[in-house]
Structure formats: C-alpha cells, structure tokens
Amino acid sequence: MKTESGDQRIARYGMTIDVDKCTGCGTCAVVCHMENNVPFTVDESDKSRNMAWMRIYKVDNGLDYPHVRVVYFPRPCMQCDHHTPCVSVCPASATNYDGLTGIVDQINTRCIGCRYCMAACPYMVRCFNWWDPVWPKDMEKHLNPDVAPRMRGVVEKCTFCSHRYLKAKDKAHNEGRDYLREDEYVPACVEACPVGAMRFGDLNNPEHAVAQLIQSPRAFRLLENLHTEPKVYYLSSYEWVRKLADNFA
Amino acid sequence: MTSEHTTPKLERCSRQKFLVWLSVWGLLLAWGLYGAFLCLFKGLNQTGMNNYFVFGLWITVDLAIIALGAGAFFSGFLFYILKVDHLKDLIGAAVVIGFICYSGAIGMLTIDIGQPLRGYFSFWHANVHSMLTEVIFCITCYLFVLTIEFTPLILENKRLSEFPLFKYIGENLHGIMAVFALVGTFLSFFHQGSLGGMFGVLFARPFAYRTGVAIWPWTFFLFILSAIASGPALTTLVVWTTQKVTGKQLVRRSTLSKLAKLSATLFFVYLILKAADTVYWANVTAPQMGFAFTRFYQGPYGMELLFLELFVFGLLPAVLLLIPKAREHDFSLVIGCLFICMGIVLNRFVMTVQTLSIPVLPFEKFVAYAPTWQEWAVAAAVLGYGVIVYSLSYRYLHLFPREHELNA
Amino acid sequence: MNVDRRTFVKGMALAGGGALGIMLSPTPWYLIRDLAFWTQNWPWVPAPAPGEPSFEKSICRICDGGCGINVRKVDMRLVRIDGDKEHPVNQGSICPMGAAALQMLYGPSRTKVPLRRVGPRENPEWRPITWAEAIREVALKVRQLRAAGRPHELACITNSAHSTVNQFFERFLHAVGSRNFMQMNSALEAHSTVLALMQGVDEGIAYDIENARYLLSFGCNLLEGWGACGRMYHAHANRSAHEGGNSLEIVQIEPNLSVTASKASRWIPIKPGTDAALALSIAHVLISDGLYDKTFVERHTFGFEDWKDSDGKRRRGFKSEVLGRYSPRSVELITQVPANVIEEVAHEFAANQPALALGGRCDGSLFAGIYELMAIHSLNALAGNLSRPGGIFLQCDVPLKSLSPVKMDEQAEQGFAIPRSDGAGSKEHPLARHLPHNLDAGKVGVLLIHEVNPSYALPNRKVARAIFEDIPYIVSFSSFIDESSMQADLILPISTPLERWDDHTGAPGIPYPIYGLSHPLVNPLYESRNAGDVLIEIARELGGTIAESFPWNNTVEALRERAAGLYESGTGVIHTAEFSATYMSQTATPTEVKSFPTFSDFWNALVKNCCWSDPQCTTDQLEQTLKTPGKKFEFFSQRLQKTFGYSNDLECMPHYHEPPPNPQGFDLLIMPENLITMADNGLGTPPLLIKQLSNDVLSENDLFVQVNPITAMYQGLKDGESVILESPAGKVRVRIHTFAGVREGVVLIPLGFGHTAYDRFLRNKGVNALEIFDAKMDTVSGLAVWWAVPGKIYKV
C-alpha cells in the first residue's frame with residue numbers, strides 16, 4: 001500500500017456486512033462481547049434490558065411455506081456520519097464524533113445516565129446498564145484489560161473497537177508511519193466473522209475493499225430516509241432485503 | 001410596588017386537624033422516598049423502564065408538571081410586567097404552585113438519571129447543542145428565580161416578619177420582583193420550548209420529529225404555548241380546590257373566570273397551531289422519513305390517543321371555557337380546567353412514551369410500557385410533597401391577599 | 001429593632017459573603033468532584049489488570065472438529081480466542097461456541113476438587129477428598145471387581161474423539177480385563193457403516209468439499225455444526241469467491257427452512273423421512289437420461305446391472321430396481337417434491353461435477369435408516385466421484401507410533417474373553433463398534449465416564465436412566481458439574497483442553513491426515529488434572545500388569561513417544577507461525593517435517609504450532625477406497641447379505657421403505673432442531689451464547705417449539721401459547737412460536753436445553769428435547785435412530 005496523500009488522512013472508518021453470506025451464527029456478537037467486556041445476566045431472554053453491542057436480528061420475507069426466506073442482520077453501532085443523532089443530544093458531551101476517524105465513541109465515565117441518546121438513536125444500538133455488571137468470580141479473568149467494564153447507570157454502545165484503533169495508531173506512530181494499513185485496525189466482530197461476511201476499512205480510501213463494496217448496487221443502509229448516513233453498509237442481492245431496510249418505504 | 005405592612009389575622013383549622021392532614025400526605029411522601037431510595041441504592045432496574053422505554057412515567061410527569069407549573073411565570077409576567085391587576089388575588093398561590101412543580105421535577109430528574117452524583121457534568125461538560133442542556137440550565141436557574149419569588153411570601157409570615165431583617169428583605173424583594181418576573185419569563189420561555197424541542201429534534205424518531213425555524217422545531221413553540229395555556233388552568237383548579245377544602249372564599253369568583261378564559265383562549269390558539277402542525281407532520285414530515293402516519297398508531301397506543309388529545313381534552317374544554325356562562329358554573333369551570341390539564345399531560349405522554357413505543361428499525365416491534373410501584377411511588381411523592389408545601393404555605397403564609405376581605 | 005436600608009444591605013452582604021466564602025472554599029467542590037470520582041471507580045466494578053500481551057496456538061476441543069485457535073493472553077490470563085488462519089481445518093473460521101470457550105474454562109460450573117458422594121443419588125451431598133484418596137478408591141473398586149472374578153464388569157463411556165487419552169482408557173480396560181470401552185457415537189459414524197457395506201473399508205468418510213462445485217445435501221445442517229464447523233464456515237465463505245470458476249452451489253433438501261436451507265442456492269422442501277426415495281429418484285433420472293459416469297459404473301461397481309449369482313440365479317440390479325420403482329412421477333407422490341424439480345436437480349447434479357451427495361441430518365448423526373444413507377451415497381458412485389478431486393475420500397491414518405502392546409494377566413485374559421455389554425460386534429449388531437445407548441447396565445459393576453454426559457445426551461432415555469440407577473459405582477472424569485457427574489459416586493476434576501496436554505486425530509470429513517496437539521496455555525485451575533495422568537496413577541496403584549501397561553510417567557511422555565512416528569514418517573508439514581503482539585498479523589510458512597534436523601526440533605515446533613498435516617496424502621487411488629472382495633463399489637452389498645443372511649435382495653440394496661403409521665392420536669411429527677448456539681451433546685453452553693438466543697426460542701425459562709402458522713391454526717393455538725408436547729415416549733411443557741419456515745404438521749424442538757446441572761446461567765432453562773425422542777436402533781448399524789417422533793400438541 002502506498003502512503004496516503006495528505007487530504008486522505010482524515011479517515012471515515014466503515015463496515016460492510018453481506019447479509020446473503022451471514023448465517024446468523026453469532027460469533028461476531030460473542031467475540032464483541034468478550035472483547036468489550038459486555039456483561040450478561042441469568043435471564044438474557046429479556047431483550048428489552050439485556051446488554052448487546054452487536055445484536056443479530058433474524059428477519060423473514062413474510063411469505064408462506066415454502067416461499068419464506070430468512071436473512072440475518074448483525075447490527076453494530078451504525079456510526080452515523082451526518083448530524084449523529086446521539087452526539088448532538090448528549091447534555092454532558094459524553095458521546096462524541098471523532099473527526100479524524102468518523103468513530104462515534106462513548107465516554108462511560110462522563111455519562112450521567114439520562115438516556116436521551118437512546119431515545120435519539122433509531123437503531124436501538126445503545127444499552128443502559130440497568131444493573132451493576134457482575135461476573136462470576138473466576139470469569140473476571142477473561143476480561144479484556146483494554147476496555148474498562150462499565151458501572152451501572154450509564155449508557156454504552158459499540159465503538160468500532162476504538163481501543164484497537166488507538167493501539168494500531170500507536171504502533172504505526174512508533175514505526176514512523178502516519179497512516180494505517182487496511183488490516184491493522186479491524187474491530188473484533190469483523191476479525192472473527194467465520195464466513196467472511198464482514199469487511200472493515202476506510203471509506204475515504206479507494207484502495208480499501210469497503211470503499212469499493214459500498215459502490216455496489218447490492219449495498220444499502222438501514223433507514224436511509226432518516227439521513228443519519230450510517231457508515232455501516234449492508235450488502236444483499238435480494239430486493240426484499242434492501243427494501244426491508246427502509247421499512248418498505 | 002408597596003407591600004401591606006399589617007397582615008390581618010387569618011382563621012385556620014386546629015393544629016391537630018392540620019397534623020392529621022399533613023400526615024396523610026406525609027405517608028405518601030414517605031412511600032415515594034422509599035421508592036426513590038430503592039432506585040438510588042439498587043439502580044434503575046427497580047423501574048419499569050428499559051432500553052426501549054428509556055423515558056417513562058417520570059419524564060411524562062416531569063414534562064407535565066413543568067408545563068402546568070407555567071402558571072407561575074405566566075401569572076407573574078401578566079401581573080408584574082403587563083400589570084394585569086386582578087391576578088394579585090392569586091399571584092402568591094401561582095408562585096407556590098410553580099415552585100412545587102419545578103422543585104418536584106428536578107427532584108424526580110435526579111432520581112431518573114442513572115448517575116445522579118455526576119449530574120453536574122451537564123454543567124461542567126455542557127454540550128450547547130443539546131436541548132437537554134438548555135432544559136437543565138433553564139430549569140435550574142428558574143428554580144432559583146422561583147425561590148427568590150417565593151422568599152418574600154415566606155418572609156411576610158407573621159412570626160418571621162417579627163425579625164426586622166426578614167421583614168426588610170421581604171419588603172424590598174417585592175420591589176425588584178418585576179426584574180425576576182422578567183428573567184423568569186425569559187427562562188421559562190426557553191425551557192418550556194426546549195422541552196418540546198427535546199423531542200422535536202429527534203430527527204431519527206419520525207413520530208416526534210418536527211420541522212421548524214432555525215434550530216427550533218415547531219414543538220418548541222407548541223410547548224411554550226401549551227404550557228402558558230395550561231398553567232393558569234392548573235392555578236384555577238388548585239385555587240378552586242383550596243376554596244373547597246378550606247370552605248373559604250379566597251379569591252373573587254371573577255378572577256377565576258378571567259383566568260379560565262385566558263387559559264381557554266390560549267389553549268384554543270394552541271389547538272389551532274397543533275392541528276396545523278399535526279396535519280403538516282402527518283402529510284409531509286413523516287412520509288418524507290419513510291413512515292406513513294397511520295403506521296404510528298398500530299401499536300398499543302392507538303389513534304384514540306390523538307382523538308382524545310385533540311378533541312376530548314382539547315377542543316371540548318377550550319370551547320366550553322370560552323362560553324361565559326359555562327365559566328360561571330363551578331362544575332363546567334372545573335371540568336374545563338381539568339380537561340385542559342389532562343390534555344397537556346396526555347400530550348406530554350404521547351411525545352415521550354408513545355414516541356418510544358414505535359419501532360423505527362424494521363426488525364423491531366411495537367412495545368408497551370408499565371411503570372413499577374417504585375415509579376408510581378416517586379410520582380405520588382411529588383404530589384404528596386406538593387400538597388404538604390402548599391398546605392404549609394396556605395396555613396402560615398399570606399397566599400391570598402383578599403382572603404380576609406372576602407371572609408369578613 | 002429598626003432595620004433601614006443600610007442594615008438590609010449589610011445583612012445581604014453578610015449572607016452573600018458567607019455563601020460566597022463557602023463556595024470559594026474547596027470543600028463543596030472537592031466533595032462533589034470526589035463523589036463523581038467515586039462513581040467512576042466503584043470498587044465493585046471489576047477492573048481487569050493490565051499485563052504482558054501474547055498469543056498462543058491451540059486446538060479447539062469443544063467438538064471433534066479439531067479447529068485451530070489463537071488464544072490471546074494477558075500475563076497468565078486467557079482473554080480471547082480467534083480462529084487460527086493457518087490451520088488446515090478451519091483456516092481462521094471458528095464457531096461461536098469455540099469463541100466463547102473461555103467462559104467454560106473460567107465458568108462457575110467447573111469441578112474444582114475430587115468429590116465423593118455421600119447420601120443417595122437422588123439427593124446427593126458432596127464431600128471434598130484428596131486426589132490420593134480418590135485414586136485409591138477407584139483402584140480399590142477395580143481390585144474388588146477383579147477379586148470377584150468380574151473384571152469385565154468394568155466399563156467406560158468416553159467421548160468420540162480419536163485421542164491418546166481415549167486410547168489410555170481403552171488400554172486400562174484391556175489391562176484390567178474388560179472389552180467394555182464405549183465411545184459416544186460420532187456424527188458421521190453411520191457413514192462408516194455405509195462405507196463398510198458398499199466399499200468394504202473401515203475408515204471414516206471424507207468429503208473434498210473445497211474442490212466440489214455442487215453439494216446435494218439431504219438435510220445436513222452444513223452451517224449449524226456439521227462436520228468441523230469452522231471448515232464448513234470457511235467453505236461457505238468461499239462459495240462464490242472464484243467468480244465463474246469453482247463456485248459452490250448448495251442444494252438443501254429438507255422439510256424445514258434451516259439456516260443451511262436459507263443460505264442454500266436452492267431449498268427443496270420434502271416430506272419428512274422420504275429422502276431415500278428422492279435420492280433414488282434422482283438416480284432414476286441420472287440412469288434413464290444417461291447422465292451417470294458409465295465408465296466408472298461399468299468398471300468399478302457391482303450390482304448395477306442385473307446379475308447372476310454363483311448358483312446361476314438371476315438377480316435384479318440397482319438399475320432395474322431404480323428404473324422400476326423410483327420414477328419422478330411416483331416419487332413425487334412419496335416425497336411431495338414435484339417430478340420436474342427432481343429432474344432438474346438430477347440434471348444439475350450431473351452438470352455441475354464434481355458434485356457431492358451428502359446425507360445425515362442435523363449434525364450428520366440423524367438418519368432414518370442405513371438404507372437412506374446408502375441411497376444417497378449411490379449418487380456419488382453414479383457420478384463416479386470416488387477418489388477424485390471434489391469427491392469422496394477416506395479419512396487417512398495419522399502415522400503416529402502405536403503404543404506398546406497391553407500386558408494382560410490371567411484374570412484380564414479371562415475377563416477379556418467375555419463379550420461386550422453393549423452388544424456391539426454381537427450377532428445382533430455385527431457391524432457396530434460402540435453402542436453406549438444399548439448398554440446393559442445390569443452387567444456393569446464400575447463405570448468410568450470420561451468427558452461425556454450420558455445422563456443428558458444418550459438418545460435412548462431408558463438406558464440413560466438405567467445406567468444411573470443400576471450401576472453400583474460410577475466415576476465421572478469431568479471438567480464440569482454436569483448431569484452425569486451429579487449422579488456419579490466420585491467426581492474427578494479434569495483439566496479443560498486449554499489447561500492440559502492432549503491430542504486429536506481425524507478431523508471429521510477431511511480427506512487428508514491431520515494431527516492436533518494441544519499443550520497447557522495456563523496452569524490447571526483448581527485441583528484439576530489430566531485424565532491420562534490420573535489413569536496412569538490408578539494403574540500404578542493397581543500394580544502388576546496393569547501398571548506395566550502404563551510405562552509412562554505422564555501423558556505428555558506418551559504423546560511425545562507417539563509423535564516420533566510423525567517425525568520418522570518424514571511426511572507432512574507444520575505451519576510454523578511468528579506472532580506479533582498486535583491484533584492481526586501473523587505470518588506462517590509450511591515447514592516440511594523432513595527439514596527438522598532432530599526430533600526435538602520437530603517436537604518443539606509441533607507443540608508451539610499445534611498441528612501436523614499431510615495434504616499430499618489422500619486416498620486418491622480407487623484401490624484405496626474400494627476394498628470389497630471384488631474391489632468394486634457394491635450397489636448390492638454382499639457383505640450385508642453375508643452378515644445378516646438376508647434372503648430378500650432388496651435388503652442388500654439402497655431402497656426406500658415407508659415408515660409405519662403414527663400411533664392413534666399422534667398426528668404431528670416432532671423433529672429436533674440443531675442450534676449453533678447451543679451445545680446439544682451434553683456439554684454446557686456459555687452465557688454469552690445464551691445471550692444470543694432470540695426471545696422466541698427462550699423466554700425466561702420457557703422453551704419455544706416452532707410450528708407452521710397453519711398447524712397452529714388447526715390445533716387452535718396462538719403464537720406464544722403454553723402447550724404440552726407429547727410423544728409416545730413422554731411429554732414436555734413448552735410454548736409455541738409460529739414460523740412459516742416449518743413444514744405443516746411438523747413441530748421443531750431445539751436441542752441443548754433443559755439442563756438440571758451446570759451453572760445458574762444454563763440450569764433449568766427449557767426442556768431436554770431428548771426426553772420425548774424415543775430412540776430406536778437401526779437394524780443394520782445398531783446406531784440410535786431418532787430423527788423424528790410422532791407427537792401431539794395441546795393446551796396446558
């Protein structure tokens with residue numbers, strides 16, 4: 001890879017998820033929750049209160065047997081690019097849009113827990129810590145030291161594993177580079193996807209696979225009519241899937 | 001403005017009776033405090049809220065009582081600035097009601113946020129783009145103003161005014177009250193508006209989102225108007241209830257009628273604008289976001305809520321109170337004011353809870369919300385707190401300047 | 001006292017000054033700041049300790065797939081598992097279960113110290129004992145058996161892995177004098193029987209999926225844990241990788257819309273249980289339209305055309321049989337698959353060579369009978385796809401050095417002469433190797449259970465119950481408090497695969513030999529030990545020839561000894577990798593075994609990289625895959641006729657026979673559903689996977705079964721309603737979820753729920769579906785058949 005020119009150094013990290021390939025296995029969510037120390041409770045079936053940075057939705061085309069078909073939508077934070085809904089509403093500036101990467105991050109120690117950001121987010125990406133996180137005693141051993149566990153009373157969400165970005169950037173800096181290679185910074189979910197349905201990279205960099213993939217006629221985003229400009233793109237060859245993403249509007 | 005130097009002795013019920021009255025409401029307050037303690041100690045898992053209903057009963061009540069508490073600033077504005085003199089009858093009561101509403105709302109908000117001890121971060125790390133920042137700043141400041149407006153009333157108390165210092169402060173504060181009334185009006189306009197703006201700006205929630213002017217969505221203005229319309233309605237209701245409970249004539253009957261007329265007129269104007277807003281939103285704003293208006297009402301909160309809000313608790317009381325004869329009858333006066341208040345509560349409920357119940361993401365479904373007893377307890381505690389503060393104020397302060405004269 | 005304006009101002013100033021003074025003093029500010037600090041550092045919120053990061057390789061042992069993993073370590077804590085991109089099985093892909101394996105390692109249901117049961121099995125209490133006591137106790141029980149002249153009453157049920165530790169168990173039983181070593185049946189076990197009958201070989205089946213263009217899958221849940229899960233994911237990832245080149249089409253023949261069906265190029269819904277008829281009808285089209293590999297069939301098969309036996313009697317061949325009975329039109333009536341679809345599929349199958357026909361529903365272990373699998377396998381023979389790229393191969397032996405022969409004393413010899421208690425190899429089940437679901441519990445005195453959970457997972461529930469009711473003494477070698485351990489007499493805490501030395505050969509379905517060696521990444525937690533080491537100690541305690549049969553000091557010595565065979569073979573490669581401490585990059589180069597100067601260099605590389613493989617070594621010669629007496633693929637299995645003496649020719653050939661009608665009142669068909677997120681083999685499921693379950697699978701503790709909305713309507717049931725699901729074998733309480741992807745008349749019940757042991761995150765959630773599946777035994781293979789059971793459903 002060539003050194004990028006000056007004006008390209010402002011990255012817009014984005015993701016593509018091929019829903020035609022995704023089997024809904026949940027590996028992305030499992031590794032995400034391992035990587036980011038997302039807690040779990042005894043009753044995880046209460047989806048209205050459980051913590052999930054990556055949630056996998058199973059949707060069908062609504063047809064009868066045998067015409068019914070199913071796809072899976074893994075849903076990380078959409079990392080909205082335009083007037084990010086959650087960022088503008090936070091009264092305590094606890095969630096911010098990073099101009100250098102386009103990553104929407106969450107400062108959990110600053111969050112006051114008002115949950116206004118959750119009301120603002122149409123993608124149900126954000127989770128509130130209704131309880132203090134508790135791991136059985138020895139399970140604390142598998143917690144990742146790169147991400148601090150959150151306390152009760154604050155909101156959390158997917159950050160595109162921004163701690164990995166910081167690490168990769170440090171490494172690049174130590175090697176005297178001011179850019180990152182495509183494979184240097186990848187969130188845990190993308191790294192783990194066993195069927196290669198997820199790709200990650202800089203949407204501003206035409207050499208990155210994602211920048212090419214989002215040009216495809218298969219590419220679409222969730223709720224495009226809201227003009228939140230997500231940086232997570234989905235890919236599908238099926239028209240019903242693409243239409244579903246915008247509520248068939 | 002000159003204050004009366006001699007306060008006539010007022011007749012009040014026996015201490016015993018009063019204590020019984022207080023303890024009833026005190027129990028309610030204690031129950032609520034227990035609920036609040038649980039929420040603070042164990043966390044918000046004690047509530048019925050969840051990741052869908054991030055706002056619930058408390059925010060509805062907050063928004064509603066802040067709107068209904070607008071009687072304070074609006075009466076103050078009319079009385080001190082526009083010199084609408086007959087409001088002097090109940091300006092004291094209006095201030096107390098306002099104080100109760102605002103302090104109650106802030107108390108509830110403190111429990112409602114997940115990290116109350118970090119609450120001040122919204123000042124320290126303020127995000128000026130957030131409507132909520134505006135709300136928090138304004139209501140905190142306005143509570144100061146209300147406290148200052150409340151102070152002379154307290155200092156007029158016979159016992160307290162025996163201390164010359166208090167007496168002096170009380171008298172002199174009156175002199176500058178107009179300034180505070182003005183500041184209060186300004187702050188109130190802003191935070192009432194911002195409360196509406198809070199939901200109107202949620203451009204990713206098609207049910208709540210409204211277009212507007214500059215940074216202010218139409219809900220900003222609708223909330224202001226609905227607040228100043230309903231504030232006097234609550235004041236009327238409270239004063240009327242006080243008269244019924246105490247068995248005394250406290251204000252001139254005509255004052256209540258005038259206040260109701262004012263409320264109804266403003267409410268009528270509000271309804272016209274609200275209707276225009278609804279029509280525009282239903283036909284332009286929502287469809288542009290990919291949502292058919294009717295889809296919003298396919299869940300647990302149906303079209304009947306819209307009907308109730310616009311007609312039963314909207315047009316009906318507005319028209320009723322615009323009829324002079326109806327205002328003269330206590331029954332229709334009270335029903336009218338009550339319905340206006342309920343209309344506002346319903347509006348605030350719709351803007352918060354209904355907004356959150358509607359799925360935006362295609363994979364989600366409609367959801368319903370039920371508050372837990374802890375939430376009801378805290379909400380009830382605000383009522384208990386309000387009645388206690390109001391009762392104390394009525395008993396020991398000179399809330400109604402004409403009371404002596406009317407009960408002579 | 002008279003107050004004038006001056007005094008007022010003074011008073012105000014005083015008050016204001018006081019307030020200002022307090023505000024200017026640091027006290028209130030420090031207080032609110034420190035309170036906020038406190039909320040940011042609540043002592044009860046764990047703060048994971050930072051440390052030195054590193055990566056180590058290992059082999060995932062959650063299932064028998066043998067996928068390679070990279071484990072991220074921070075000091076001595078394991079914090080993440082990724083797929084090993086260089087591992088030949090999975091090439092970086094792992095399943096969610098593997099990704100969450102650390103939750104098992106550190107989970108609350110680990111066994112910590114040896115426990116001896118006091119009190120009855122129904123209501124056990126556990127007393128911690130020392131390892132020395134535990135070993136003495138097991139040795140004593142074995143000694144007592146031998147003293148009573150009943151050494152053959154020692155039995156062992158272990159997992160289906162091909163590992164040295166399992167050989168240790170078998171060896172231990174030999175040395176004591178018992179044949180009753182039983183492995184749980186692996187998913188592809190039935191296919192071995194098919195190969196034995198049609199190809200005359202003993203090895204397992206292997207599919208060259210990576211080079212195939214077309215998979216005709218008869219209900220195999222390829223994407224939900226079939227074969228080595230990581231391998232199938234990787235194959236799925238590359239399905240359309242080579243545009244216009246070797247893209248892989250998957251055609252899924254299945255009654256219900258599984259994940260595989262929804263991801264397949266084409267889903268062909270079929271009436272449950274009629275797969276054999278469809279396969280033979282496809283064969284009909286291939287034959288009648290001349291689309292089969294005539295050369296192969298002519299040269300290398302037996303029983304295709306009509307033939308004459310040694311008596312000169314004319315026998316009907318496969319061709320006549322298929323052409324006579326399985327025309328698409330008549331099969332349409334059986335399978336409810338339209339005749340034109342059958343023809344289309346047959347033509348596609350012929351046109352998209354190399355194509356594979358795969359059988360074995362769910363994870364591969366469910367089938368309606370051996371003839372069904374034979375019918376499916378016939379298609380591979382018709383296509384001539386044996387020992388060809390993209391075709392059928394055999395699993396190759398790994399050239400490990402064999403362990404030295406077992407030493408047996410007289411007692412052992414006597415015991416060893418007595419036949420097995422599970423009937424495997426007997427007259428009734430001559431082709432079977434292990435039949436734990438047929439164990440006669442009355443004939444067992446001491447049972448060793450190793451890393452399996454028969455109490456939960458044995459498909460024959462009567463036997464499962466009898467084992468724990470009738471066997472006097474049961475030892476559970478287990479890492480977890482599972483159902484079987486809870487009913488044992490002694491629980492021995494075994495280290496999990498990430499804490500121990502272990503090995504694994506024979507990744508299922510892989511056409512070339514692979515050997516996985518795993519070493520401890522962390523010191524064993526608690527007092528857990530390697531099962532191999534424990535067996536060595538028990539053997540020493542017993543002394544004599546038993547001790548002599550275990551000449552090693554520990555397991556790793558034996559592993560090292562066996563690995564010498566790999567080195568001496570001089571074949572194969574090790575993917576040697578260098579790690580960087582960052583997240584991604586890892587570079588590996590295949591290093592040939594020949595290039596290691598000494599065994600010790602080879603051993604060190606093997607330990608570090610965990611995997612030896614020999615991609616060059618496949619059974620690519622027909623003489624390797626066809627070992628029947630005539631060196632031919634037998635459409636008519638002479639072995640079947642010889643073994644069972646069948647007089648009816650049909651019984652020696654693939655055929656479809658109609659299942660018996662459902663018992664009165666049972667008008668529905670209950671089928672098991674494999675969820676990738678739930679371990680259904682009796683192993684626990686970690687909390688992060690349970691988090692993945694949708695709330696229309698599990699809501700609080702209620703399990704949902706899926707039915708078609710029309711079925712629900714006929715039964716008068718609403719979505720979400722609580723119902724009783726009943727089969728002739730039993731009934732369970734569940735709720736229903738309507739889903740159009742389920743065939744009318746079918747009830748899909750997910751496996752892996754209803755645990756009564758393990759931790760609070762798993763316990764008491766839903767019901768164990770096996771309770772209502774009345775497993776039958778396949779007449780030919782003896783394997784458990786439980787792909788479906790008649791059922792009814794009604795309101796609570």
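Modeller: What follows is a set of questions about a predicted model, each answered by setting a value beside its criterion.

Biologist: What makes A:Asn37 buried?

Modeller: The cut-off for buried is 20 or more other C-beta atoms within 10 Å, and A:Asn37 has 22 of them, so it is called buried. The residue sits in the loop between α1 and β2 of chain A, and although it is not a glycine, it has a positive phi of about 55 degrees.

Biologist: Why is B:Glu328 called partly exposed?

Modeller: A residue counts as exposed with 12 or fewer such neighbours and as buried with 20 or more; B:Glu328 has 13 other C-beta atoms within 10 Å, and is therefore partly exposed. It belongs to helix α11 (residues 324-328) of chain B, and its C-alpha atom is separated by 6.7 Å from that of B:Ser257, a residue 71 places away along the chain.

Biologist: Which peptide bonds are called cis, and with what omega?

Modeller: One is the bond from A:Tyr65 to A:Pro66, with omega near 0 degrees, where A:Pro66 is in the loop between β2 and β3 (70-75) of chain A. Another is the bond from C:Gln353 to C:Pro354, with omega near -5 degrees, and C:Pro354 lies in the loop between α14 (339-351) and β15 (355-358) of chain C.

Biologist: What makes β8 and β9 of chain A edge strands?

Modeller: The sheet is open, with four strands in the order β8-β1-β10-β9 (chain A) and mixed pairing, and β8 (198-202) and β9 (219-220) each pair on one side only.

Biologist: How do you know that β1 and β8 of chain A pair?

Modeller: The criterion asks for at least two bridges between the strands; β1 (residues 13-18) and β8 of chain A have five, in the antiparallel sense. Within β8 of chain A, A:Gly201 is the bridge partner of A:Gly14.

Biologist: What makes up the side of chain A that touches chain C?

Modeller: Here 57 residues of chain A are in contact with 64 residues of chain C. On the chain A side, α1 (27-35), β2 (55-60), α4 (162-174) and α5 (188-192) each supply at least two residues, and α1 of chain A gives the most, with seven. By class, that side has 28 nonpolar, 11 polar and 18 charged residues.

Biologist: Which residues have the most contacts inside the largest nonpolar core?

Modeller: They are C:Ala279 and C:Ile282, in a core of 418 residues, to which helix α8 (residues 218-246) of chain B gives the most, with 16 residues. Leaving aside residues up to four places away in sequence, C:Ile282 touches C:Ile342, C:Val345, C:Ala346, C:Phe349 and C:Leu379. Apart from that core lies another, of 55 residues, including C:Ile135 and C:Phe168.

Definitions and conventions
Residues are numbered from 1 along each chain as its sequence is written. Chains are lettered from A and ligands numbered from 1 in the order in which they are written. This is a predicted model: local features need pLDDT of at least 70, side-chain atom pairs count only at pLDDT 80 or more; totals for chains, interfaces and linings use all residues. Two residues are in contact if their C-beta atoms, placed from the backbone, lie within 7 Å. Ala, Val, Leu, Ile, Met, Phe, Trp, Tyr, Cys and Pro count as nonpolar, Asp, Glu, Lys and Arg as charged, and the others, Gly among them, as polar. A nonpolar core is a set of buried Ala, Val, Leu, Ile, Met, Phe, Trp, Tyr and Cys residues joined through C-beta atoms within 7 Å.
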